[in-house]
Amino acid sequence: MTASDTATPSAAKPKPASLRRKALGASGWTLAQMGGQYLFRLGSNLIMTRLLMPEAFGLLGMGVMVITALTLFTDIGIGQSLVREKGSDEPHFLRVAWTVKIVRSIGISAAVVAVAGLIALLAPRYAPEGTVYADPRLPLLVALTAFTTLFQGLTSTNKDMTMRRLDYRIFALVMLGSQAASIVTMVIFALISPTVWALLSGMLMGSLFQCVLSHYLFPGPKMRLEWDREIAARLWGFGKWIMVTSGLTFIQRTADKFILGALLGAAAFGLYVIAMVWIEAGRSVITLMASRVGFPAVSEVRRTRPADLPRVYRRFQSGIDVLCLAAFLVFLFGGQWMVDLLYTSDYSLAGHYVSLLSLLFLTVRYEPFNQLLITVGNSRATSIVAGTRALAVCVLLPLAHMAGGIDLVILAVALIPLLGASYSLRCLLPTLGARQIRFDYAVMVAILLTAIVVFVSLERQTTPAGPPATTAAPAPAAPAAPAAPAAPASGN
């Protein structure tokens with residue numbers, strides 16, 4: 001018997017990293033990336049708001065809103081398919097998915113240019129003078145943002161595989177590098193010509209930088225155009241409901257601002273926007289951890305050892321619950337202090353809104369269930385949940401304002417994510433088991449009771465000194481606008 005005969009498999013090749021170790025590593029790199037991006041954003045705010053006039057940020061913001069809406073309404077979840085599908089790491093599958101991405105990006109870009117043409121045609125006749133829509137630069141600005149979608153479509157699908165492998169080291173470095181390139185481009189351009197085109201140049205450079213690096217730094221096969229009708233059908237069959245979900249989620253996330261903009265005076269609406277900026281910053285940490293760490297980890301368990309899926313998911317959900325509870329307590333008890341510290345006394349009521357909106361972190365704990373529905377292949381259920389919430393936002397917010405004013409509206413905004421959660425739990429009963437589902441229903445009841453206590457307590461503490469909800473006083477200045485709105489992230 002030779003030495004080679006007695007060699008163990010572990011001696012022949014290194015033992016693969018455990019799922020726990022990969023998840024911890026992915027969490028660390030995700031947090032490092034987010035921390036770095038927030039620091040870059042703060043630094044770019046301080047620089048660009050001193051080089052450009054506020055109108056530049058408004059113009060680009062409108063252009064980004066157009067492309068974000070079109071991107072989300074055509075999102076077929078290619079990245080999510082690559083994470084969950086068996087065999088999606090094969091070169092042929094990755095190249096076909098890349099081809100589908102390119103076709104989709106061309107379609108979105110054509111739609112963006114069409115919207116720009118409509119603005120150029122209709123705005124001179126119908127847009128009120130002095131508004132964003134009446135600005136003659138807007139049509140060309142919107143048309144040029146289409147390049148960001150083209151660059152995203154050309155980005156290698158090897159980048160999406162980092163999520164499947166839970167290997168975010170290169171991913172985080174590329175994202176931070178692209179943001180740095182974007183900021184440098186903006187500053188140089190603004191020093192030469194301090195206009196909105198400086199912001200656009202930074203956005204385009206960041207997307208191009210990310211696209212180019214994806215073909216050289218992420219491990220995987222070299223991209224080239226390939227087609228396979230069966231693979232394309234699999235991507236579409238799974239992604240058609242993702243597309244519906246993304247569109248409805250966009251409505252859910254933005255409808256409150258459109259509705260409240262019509263119901264509230266400028267001052268109250270400005271304070272609400274400021275409060276939501278802080279809440280969204282906290283929520284993005286939790287949702288990114290769920291999508292970038294939890295979703296790939298649970299997908300790997302489902303592919304390799306499905307019997308362990310309920311146990312692994314319970315462990316993951318416990319971690320999300322801890323994050324949600326911690327964020328709730330921080331913003332509930334520290335929201336007023338934070339606003340009073342960072343803003344003048346004119347903004348004090350925003351602290352009250354932050355405290356009320358802290359309840360949103362308790363309801364966010366049900367968001368990962370949508371990711372689990374996608375993992376088990378039930379993307380249709382996520383569309384039903386998103387549709388329920390989008391409809392609720394459009395119906396309940398005006399009713400809440402009529403019944404109790406801005407505070408009751410904010411309570412509704414915080415609790416709306418609970419709608420549809422019961423349906424998600426019912427769909428997941430075969431996957432998670434009755435014991436886990438009963439626990440999640442009990443948590444839902446506890447959240448509603450907590451919401452009642454918090455609402456009553458904060459109402460008693462509120463003084464009548466704040467601006468009336470329906471006044472038309474000038475709006476307080478918004479927080480520093482982002483130096484360059486990021487190109488819309490997409491699940492493709």
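Trainee: What should I know about the ground rules first?

Mentor: This is a predicted model, where local features need pLDDT of at least 70, side-chain atom pairs count only at pLDDT 80 or more, and totals for chains, interfaces and linings use all residues. Residues are numbered from 1 along each chain as its sequence is written, and side-chain values use heavy atoms, with hydrogens and water left out.

Trainee: How many helices and strands are in the chain?

Mentor: Helices (H or I, at least four residues) and strands (E, at least two) are DSSP runs, numbered from the N terminus. Here you get 20 helices and zero strands.

Trainee: And what share of the residues is buried?

Mentor: Buried means under 20% relative accessible area, exposed means over 50%, and partly exposed is in between (1.4 Å probe, protein chains only). Of the 492 residues in the chain, 50% are buried.

Trainee: Which residues of helix H14 are buried?

Mentor: H14 covers residues 348-357, and nine of its 10 residues are buried. They are Leu-349, Ala-350, Gly-351, His-352, Tyr-353, Val-354, Ser-355, Leu-356 and Leu-357. Just after H16, Gly-377 takes a positive phi of about 90°.

Trainee: How do I read two helices that cross, say H9 and H10?

Mentor: Axes are lines fitted to C-alpha atoms, for helices over the stretch in contact, and angles run from 0 to 180 degrees between N-to-C directions. For H9 (residues 169-192) and H10 (residues 196-214), the axes come within 7 Å and cross at roughly 150°. Angles under 35 degrees count as roughly parallel, over 145 as roughly antiparallel, 65 to 115 as roughly perpendicular and the rest as oblique. H9 and H10 are therefore roughly antiparallel to each other.

Trainee: What is the hand of that crossing of H9 and H10?

Mentor: A crossing is left-handed if the near helix is turned anticlockwise from the far one by less than a right angle, and right-handed if clockwise. The H9 and H10 crossing is right-handed.

Trainee: Which residues meet in H9 and H10?

Mentor: Contact means heavy atoms within 4.5 Å. On the H9 side, look for Val-174, Gly-177, Ala-181 and Phe-189 among them, and on the H10 side for residues including Trp-197, Gly-202, Met-205 and Phe-209. Sorted by class, this contact has 13 nonpolar, eight polar and no charged residues. For the classes, Ala, Val, Leu, Ile, Met, Phe, Trp, Tyr, Cys and Pro count as nonpolar, Asp, Glu, Lys and Arg as charged, and the others, Gly among them, as polar.

Trainee: What describes a pair of aromatic rings?

Mentor: You use the distance of the centres and the angle of the planes. Rings of Phe, Tyr and Trp (its six-membered ring) pair if their centres lie within 6.5 Å; planes under 30 degrees apart count as stacked, over 60 as edge-to-face and the rest as tilted. By this rule the count comes to five aromatic pairs. Take Phe-147 and Phe-151: their centres are 6.4 Å apart and their planes at 35°, so the pair is tilted. Being four residues apart in helix H7 (residues 138-154), they are separated by about one helical turn. Phe-147 is partly exposed at 38% relative accessible area, whereas Phe-151 is buried at 17%.

Trainee: How do Phe-331 and Phe-361 pair, stacked or edge-to-face?

Mentor: Stacked, with 5.0 Å centre to centre and 25° between the planes. Phe-331 lies in helix H13 (residues 309-342) and Phe-361 in helix H15 (residues 360-363), so the pair ties together parts that are 30 residues apart in sequence. Phe-331 is buried at 13% relative accessibility, and Phe-361 is buried at 1%. Elsewhere, Tyr-313, Phe-316, Tyr-366 and Phe-369 form one aromatic cluster.
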